[in-house]
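Let's take a friendly walk through this model together. Please keep the sequence and the 3D view side by side as you read.

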Amino acid sequence: MDNTPEKTLLKLEDINKTYTGVQPVYALKHVNLTVRKGEFLAIVGPSGSGKSTMMNVLGLLDSPTSGKLYYINQETSKWNERQKAAFRNREIGFIFQAHLLLPEFTALENVLMPAYISRKMKKSHENRAKDILTNIGLADKFFSKPAQLSGGQNQRVAIARALMNNPSVVFADEPTGALDQKTSAEIYNLFRKINSEEEMTFIIVTHERDLAHKADRIIEIVDGRIIRDEFHS
Ligand SMILES: Nc1ncnc2c1ncn2[C@@H]1O[C@H](COP(=O)(O)OP(=O)(O)OP(=O)(O)O)[C@@H](O)[C@H]1O
Ligand SMILES: [Mg+2]
């Protein structure tokens, strides 16, 4: 395994995440993980085991209770909200069910949103957005709004949006959960294609066994701990 620092994208060091409440929940316990650029990683584990919590921490959406998160050798705990937001917009693509599409906007406009936000809209962005939507099987839906699309089609729009800014890493939490087997396999193949062509890193939470087994690396989380970390080639 190539562990040279310049190949390291992110690193978790002894991460703990506790949700406080009447009864504290120890959602992540002493998690250590190094992810290299260009990896295609699947995260599996039972419901409630801490997968989404880990994605939120990795995606700088939630802070760990203790431990350190590094991106490209920079420790992130000192970053303020603005710095985190800028980093997310530039470097991270999210495919989370909670990140809904904006209902007032068409599929094409939703995909273009990251470019609007970074205030660098160009004609080339529109072409890229159309290419991605076409690749994902939505060539005839550019101008449809979320209410006019099926659940699976909206999920595909969210996928296209995540890929739009050409991020370093894509975090996907059950990205194909609402899709049939055929569409889900197609989307998975698209991820693999982008992963190899653009060296984009993918970290995907999935319950679908066959999808997980097509990843280069599988991490299993049980009760807040990584209990398995396997590389395939
Ligand atoms: N905001 C929160 N406040 C309190 N507890 C939370 C919060 N979010 C998650 N938890 C708890 O933390 C634990 C881990 O939850 P998490 O959402 O990470 O699980 P998961 O592995 O993603 O599960 P699933 O496969 O069902 O999506 C669970 O016990 C959950 O109830
Ligand atoms: Mg979850």
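Contact here means heavy atoms within 4.5 Å. Helices (H or I, at least four residues) and strands (E, at least two) are DSSP runs, numbered from the N terminus. This is a predicted model, in which local features need pLDDT of at least 70 and side-chain atom pairs count only at pLDDT 80 or more, while totals for chains, interfaces and linings use all residues. Residues are numbered from 1 along each chain as its sequence is written, chains are lettered from A and ligands numbered from 1 in the order in which they are written, and side-chain values use heavy atoms, with hydrogens and water left out.

Let's begin with helix H6. The buried residues of H6 are covered by elements that include strand E3 (40-44), strand E6 (92-95), helix H4 (123-135), helix H5 (151-164), strand E8 (201-205) and helix H7 (209-213). Buried means under 20% relative accessible area, exposed over 50%, and partly exposed in between (1.4 Å probe, protein chains only). By that rule, Thr183, Ser184, Ile187, Tyr188, Leu190, Phe191, Ile194 and Asn195 are buried in H6. They fall within an arc of 155° seen down the axis of H6, so they line one face of the helix; the arc is that of the directions from the helix axis to the C-beta atoms. On the face of H6 turned away from this buried side sit the exposed residues Gln181, Lys182, Ser196 and Glu197.

At the start of H6, a side-chain oxygen of aspartate 180 comes to within 3.1 Å of the backbone nitrogen of lysine 182. After H6 comes glutamate 199, with a positive phi near 50°.

Helix H3 (residues 107-117) has 8 of its 11 residues buried, so it is largely enclosed by the rest of the structure. Those covering its buried residues include helix H2 (81-91), H4 and H5.

Now turn to ligand 1. Among the residues that surround it are Tyr19, Pro46, Gly48 and His207, where near means that a heavy atom of the residue lies within 4 Å. A backbone N or O atom of serine 49 lies 3.2 Å from an oxygen atom of ligand 1. An N or O atom in the side chain of lysine 51 is 2.7 Å from a ligand 1 oxygen, and for a polar side-chain atom of threonine 53 the distance to an oxygen atom of ligand 1 is 2.6 Å. Strand E2 (25-36) and helix H1 (51-58) are the elements that give two or more residues to the shell around ligand 1, and H1 gives the most, with 3 residues.

Definitions and conventions:
A polar contact is a pair of N or O atoms within 3.5 Å; within protein, one must be able to donate a hydrogen and the other to accept it, and residues adjacent in sequence count only if both atoms are side-chain atoms.
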